[in-house]
Amino acid sequence: QVQLVESGGGLVQPGGSLRLSCAASGSIFNIYHMTWYRQAPGKQRELVAIIRGGDNTIYADAIKGRFTISRDNARNTMYLQMNSLRPEDTAVYYCNAALLTRVSAAPTSHWGQGTQVTVSS
């Protein structure tokens, strides 16, 4: 089985920083794009950032200039460095990846379980 596991969430004061990690494991032949989403209480899930092959990145307007997405291909891990956090950043953060696995003929979408980020004084 392939698995995505997020970590690094927690409680932080406004203006603080957190670094989220998403590690992929299992029989993976290739990782295509990796994406961070978030879902705040009572809100629709929204895209935060995308990183693709060649380290091409796309950011949501709400977090541009504050968050940075990156990946370590050797460790099948991606990161989200979050700086200057605001209360409106409070959400469950999910990672998603398009993976080519041993039993798939084409890339398939996989989700992690999410990690809670709370920004509050």
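The side chains of Arg38 and Glu46 form a salt bridge with an N to O distance of 2.6 Å, a salt bridge being defined as a side-chain nitrogen of Lys or Arg within 4 Å of a carboxyl oxygen of Asp or Glu. The structure is a predicted model, in which local features need pLDDT of at least 70, side-chain atom pairs count only at pLDDT 80 or more, and totals for chains, interfaces and linings use all residues. Residues are numbered from 1 along each chain as its sequence is written, and side-chain values use heavy atoms, with hydrogens and water left out.

Arg38 counts as buried because its relative accessibility is 6%, whereas Glu46, at 36%, counts as partly exposed. In this classification, buried means under 20% relative accessible area, exposed means over 50%, and partly exposed lies in between (1.4 Å probe, protein chains only).

A search of the whole structure identifies five salt bridges. Among them, Asp61 pairs with Lys64, the closest N and O atoms being 3.1 Å apart; Asp61 is classed as exposed, at 67% relative accessibility. A further salt bridge brings together the side chains of Asp72 and Arg75, at 3.4 Å from N to O. Asp72 is partly exposed, with a relative accessibility of 23%, while Arg75 is exposed, with a relative accessible area of 58%.

Helices (H or I, at least four residues) and strands (E, at least two) are DSSP runs, numbered from the N terminus. The torsion about the S-S bond of Cys22 and Cys95 is about 55°, and the disulfide is therefore right-handed. Both Cys22 and Cys95 are buried.

Arg52 is located in the loop between strand E5 (46-51) and strand E6 (57-59). With a relative accessible area of 40%, Arg52 is partly exposed. When residues up to four places away in sequence are not counted, Arg52 touches His33, Ile58 and Arg71, contact meaning heavy atoms within 4.5 Å. The C-alpha atoms of Arg52 and Ala97 are separated by 9.9 Å, the two residues being 45 residues apart along the chain.

Notes:
A disulfide is a pair of cysteine sulfur atoms within 2.5 Å.
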